[in-house]
Amino acid sequence: MSQDIATIRVTRYRPEKDSKPYFQEYKVPYRQDMVVLDALNYIKAEIDGSLTYRWSCRMGVCGSCGANIDGEPKLTCASFLHDFKGRTITVEPMANFPVIKDLVVDMEDFMEKLVKIKPWIIREKETPPEQGEYKQSAQELERYSQFSSCINCMLCYAACPIYGLNEKFLGPAATALAYRYIEDSRDEGKDVRFPIVHEMEGVWECTLVGECSVVCPKGVDPMLAIQKTKILGATNAIKSLLMPRGGR
Amino acid sequence: MGDTSRYPEHRRKLSPRWWTANRHYAMYMVREWTSLFVAVYSLIFIYGLSLWATGSRANFLNFLKNPAIVGFSLVALVFIMYHAVTWFYLLGAISPIKIGRSKTKPWQALVLNLILLVVVSYLAIWLLVLR
């Protein structure tokens, strides 16, 4: 197999030494089947062991290896080097997040949001396991299944200028996950989650840029989840206004 | 997440030119900016209706025939159509209608709503101008 040379420009930021990030360029020999993550691994193993980045599964499942590649949020394990043939590939840490080191961003804010929306099935009263599972039809599953494919890679946050301007915004993935549970027929936590997704920095902060759904590597449509949550909230508000006692 | 406070994190600010990064951002920004035209057109129309309410229909029609208003309305029409197309498409994506086992596609909502827009617009023109 022939070997081409890829030129990769990677953001370096070593907080103990650097006052701000800078680019470092590397030349990486590559084969047709190599992705940007392979190039980063090559750099770390063969050229510069100090390069720091996150990765795990290298097959688009774990959601660890997100970066801005040529300005676009992508999984480095799903971006083939040959797609950039003949030009320098710029790899930067995911936009909108604080940078800890090189390509590693601080995920703390997203983790807090994830917990905040309570991503588990809430029951008013749990039934004992002996009584069997909570059953669901195929149609009921279909209502939320695409939103359960989220791998928490945070690319949608890197693509969202609203989040870039206001990090308090609940954001795409957390709302998509909240909607996934709101639409789950087995869940009874609507009243718990509604105030969270409808607070000031919740869904109403979204002004429909739509890029979150474009960059999602798993085909989830967070923009759709956010708009559907808006509709649910608005209908609920009208219902409780018209029927204060039994609106919901 | 461990002790990250020992060294400073690098915080980046969104560049004022963020929307030039790709086509989707630019299209979004065009929609945001052109909302101004939609708003101004609404004000013009409300003012026109107030002329009719306080005077006569001729006042209202003469006001709308002003070349500056006609020019502005034509520009606003282009932008309003951009808003209509994007919003109608989105409407179809957010609230598909179930027919039997299948769901309507966003483009079907777009076409149906555009037809409705033409019909409603014609009715409005008929009521306000032609009648």
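Reader: How many helices and strands does chain B have?
Author: In this predicted model, chain B has 4 helices and 2 strands, and reading along the sequence gives the pattern α-α-α-β-β-α.

Reader: Is chain B a compact globule or more spread out than one?
Author: Chain B is more spread out than a compact globule, because its radius of gyration is 22 Å, well over the 14 Å that the globule rule gives for 131 residues. Along its principal axes, the C-alpha trace of chain B spans about 75 × 45 × 25 Å.

Reader: And what percentage of chain B counts as buried?
Author: Of the 131 residues of chain B, 5% count as buried. As for contacts within chain B, if we take those with a separation of 6 or more, 38% are accounted for by residues 24 or more positions apart.

Reader: How many residues of chain B are in contact with chain A?
Author: There are 15 residues of chain B in contact with 22 residues of chain A. On the side of chain B that touches chain A, the elements that give two or more residues are helix 1 (23–54) and helix 3 (67–94) of chain B, and the largest share, 3 residues, comes from helix 1 of chain B.

Reader: What does that side of chain B look like by class?
Author: The side of chain B that touches chain A has 10 nonpolar, 3 polar and 2 charged residues.

Reader: Switching to chain A, which residues touch the most other members of the largest nonpolar core?
Author: That core has 64 residues, and those that touch the most other members are Val36(A), Ala39(A), Met154(A), Leu155(A) and Cys156(A). Helix 6 (residues 172–182) of chain A gives the largest share of this core, 8 residues.

Reader: Which residues is Ala39(A) in contact with, leaving aside its neighbours within four places in sequence?
Author: With those neighbours left aside, Ala39(A) is in contact with Ala6(A), Ile8(A), Val28(A), Tyr30(A), Met34(A) and Leu81(A).

Reader: Now strand 1 of chain A: does it run parallel or antiparallel to strand 2?
Author: Strand 1 (residues 4–12) and strand 2 (residues 22–30) of chain A run antiparallel and are joined by 9 bridges, whereas strand 1 pairs with strand 5 (residues 89–92) of chain A in the parallel sense over 3 bridges.

Reader: What is the bridge partner of Arg9(A) in strand 2, and what is it in strand 5?
Author: In strand 2 of chain A the bridge partner of Arg9(A) is Glu25(A), and in strand 5 of chain A the bridge partner of Arg9(A) is Thr90(A).

Note on methods. Residues numbered from 1 in each chain as written. Chains lettered and ligands numbered in written order. Predicted model: local features only at pLDDT ≥ 70, side-chain atom pairs only at ≥ 80, totals over all residues. Pairing = 2+ DSSP bridges. Rg over C-alpha atoms; globule rule 2.2 N^0.38 Å. Buried ≥ 20, exposed ≤ 12 C-beta atoms within 10 Å, placed from the backbone. Contact = placed C-beta atoms within 7 Å. Nonpolar A, V, L, I, M, F, W, Y, C, P; charged D, E, K, R; others polar. Core = buried A, V, L, I, M, F, W, Y, C linked by C-beta atoms within 7 Å.
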